[in-house]
Amino acid sequence: EENLPEVTIDEVDAALAKREWQAVDANGDGTRKKMGILPGAVLLSDSETFATSELPADKAKGLVFYCANNHCGASHEAASKARTAGYKNVKVMPEGIAGWVKAGKKVQTI
């Protein structure tokens, strides 16, 4: 397993507000419908088999991957794939959407 930098919910919230990072959702449809998504997140078709064309074209763009919660590995899997594809600034928010909601942050419903 690659050593991916982990970031906190507050760090992600601040970076998204400044448009420094792009949130990338590695959850499935069920979790997205139940919990929502980070505002403006890229929605991957699948954490393992997504096409890298689903990610922003700019490989220098900061990407922060998340899934459901600390017990979910999808964000790490997807982030590793992005890094392998040549994305330089890849991070993971381990608390996922559950932590985001618990922290009272704004979600987008789908």
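The legends below describe close-up views of a predicted model.

**View A. Salt bridges between K105 and the region of D10.** The side chains of K105 and D10 form a salt bridge, with N and O 3.0 Å apart. K105 belongs to the segment after α4, whereas D10 is part of helix α1 (residues 9-17), so this pair ties together parts that are 95 residues apart in sequence. D10 is exposed, at 52% relative accessibility. D10, D13 and K105 are linked in a network of salt bridges. A search of the whole structure finds 4 salt bridges.

View B. R32 is buried, with a relative accessible area of 5%. A salt bridge joins R32 to D25, with the closest N and O atoms 2.9 Å apart; D25 is buried as well as R32. R32 also meets D29 in a salt bridge, at 3.7 Å from N to O. R32 and D29 both lie in helix α2 (residues 29-35), 3 residues apart, or about one turn of the helix.

**View C. Surroundings of S47.** S47 lies in the loop that runs between β2 (42-43) and β3 (62-66). The relative accessible area of S47 is 12%, so S47 counts as buried. Beyond its neighbours within four places in sequence, S47 is in contact with A26, A74, E77 and A78.

**View D. K81 over the ring of F50.** The charged end of K81 sits over the F50 ring, 4.6 Å from the ring centre. A search of the whole structure finds 0 aromatic pairs.

**View E. G104 in the segment after α4.** G104 is found after α4 (96-102) and is exposed, at 62% relative accessibility. The C-alpha atoms of G104 and R32 are separated by 16 Å, and the two residues are 72 residues apart along the chain.

Definitions and conventions: Residues numbered from 1 in each chain as written. Predicted model: local features only at pLDDT ≥ 70, side-chain atom pairs only at ≥ 80, totals over all residues. Heavy atoms only, no water. Helix = DSSP H or I, 4+ residues; strand = E, 2+ residues; numbered from the N terminus. Buried < 20%, exposed > 50% of the residue type's maximum accessible area, 1.4 Å probe, protein only. Contact = heavy atoms within 4.5 Å. Phe/Tyr/Trp six-rings, centres within 6.5 Å; stacked < 30°, edge-to-face > 60°. Lys NZ or Arg CZ within 6 Å of the ring centre and 35° of its normal.
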